[in-house]
Amino acid sequence: MNWFLCLASCVLVAQASAQTLNMNTDCGRGTNSVSRRSVDDTAAEDKIVGGSVARNGDWGWQVAFKIFGSLSCGGSVINNNWVVTAAHCIVYGPTASYYSVDIGLNDRNNPDSWSIRRKISKVIVHESYSDRSLRNDIALVKLEYSVQFDTTNYRVTPVCIPDGSEDYANRDGYVTGYGTLFSGGSVSRYLRQVSVPVKSPAFCENRFGVDSSTQVCAGVSGLGRDTCQGDSGGPLVVKSRVDRRWHLVGLTSYGPNPCGEGGVYTRLSGFNNWIVRNLNANGV
């Protein structure tokens with residue numbers, strides 16, 4: 001792709017009648033006090049792009065998605081058995097043994113007592129995914145063994161999947177990941193976070209030509225806050241005004257090269273039914 005940069009790290013539907021997912025759990029809890037430094041500090045050395053290191057134990061749904069043991073992408077835990085990520089992260093096809101995830105990591109070199117590593121037992125890529133347009137850029141991966149959630153501090157916990165009833169446009173969201181510090185740079189040792197504005201469908205359609213039913217964009221040119229390579233598939237979350245939990249509004253998909261100018265995310269509410277159908281068919 002020319003102008004657009006696929007945000008995976010380089011390693012050799014309509015929403016009608018959507019069902020609410022996992023809202024009877026502790027999804028989206030925790031991470032109550034996000035440092036303002038992630039919004040205000042845009043120093044060049046302190047990036048996801050333009051952000052800060054996350055507090056240890058925050059963003060308990062974040063995963064480090066690995067291919068052959070090396071960090072490639074991000075992802076989010078949605079229940080005890082499943083993680084959602086971007087379809088373009090499944091670069092070697094649906095052979096589950098190629099992939100694994102680390103959950104609850106802040107420092108990738110020093111896992112905490114609550115950190116979890118899991119192999120993958122099944123990979124499901126959206127059947128209409130296009131690697132040229134990056135439409136339907138979503139995949140589900142099933143963990144080899146279930147994980148137990150931290151229901152006290154929420155250091156390992158699922159994120160909430162929105163059903164489309166809440167409008168997140170023109171609100172600040174957060175993106176998190178271990179991606180590169182800049183286009184072509186090295187991935188981060190630590191989990192980083194940054195606040196980005198979620199834009200309106202009209203803005204996203206005009207700037208990126210997105211399909212607003214299945215895609216959303218966040219960040220603006222000149223802001224210097226963004227995701228980058230290695231952040232693909234990771235979460236764009238917004239704290240709901242209805243239930244005060246963190247909702248997974250988008251998955252990092254693609255954006256302009258170099259990073260820092262905002263980008264496009266897979267809109268989760270547009271795939272609510274697809275997720276429900278595949279989980280039910282493959283063991284929730």
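Good morning. I begin with a hairpin: β4 and β5 form it, with four residues between them. Strands here are DSSP runs of E with at least two residues, and helices are runs of H or I with at least four, numbered from the N terminus. The model is predicted, so local features need pLDDT of at least 70 and side-chain atom pairs pLDDT 80 or more, while totals for chains, interfaces and linings use all residues. Residues are numbered from 1 along each chain as its sequence is written, and side-chain values use heavy atoms, without hydrogens or water.

The pairing of β4 with β5 is antiparallel, over two bridges; strands count as paired if DSSP finds at least two bridges between them. β5 also pairs with β8 in the antiparallel sense, over four bridges. Val-84 in β5 stands opposite Ser-76, and its bridge partner in β8 is Leu-140.

Are the residues on the two faces of β5 buried or exposed? Trp-82 and Val-84 on one side, and Val-83 and Thr-85 on the other, are all buried. Buried means under 20% relative accessible area, exposed over 50%, and partly exposed in between, with a 1.4 Å probe and protein chains only. In a regular strand, side chains alternate between the two faces of the sheet.

I turn to the largest nonpolar core, which has 49 residues; Leu-140 is among those touching the most other members, as are Trp-59 and Phe-65. Such a core joins buried Ala, Val, Leu, Ile, Met, Phe, Trp, Tyr and Cys residues through side-chain atoms within 4.5 Å. Elements giving two or more residues to this core include β4, β5, β8 and α3.

Finally, Val-91 lies in the loop between β5 and β6. Val-91 counts as partly exposed because its relative accessibility is 42%.
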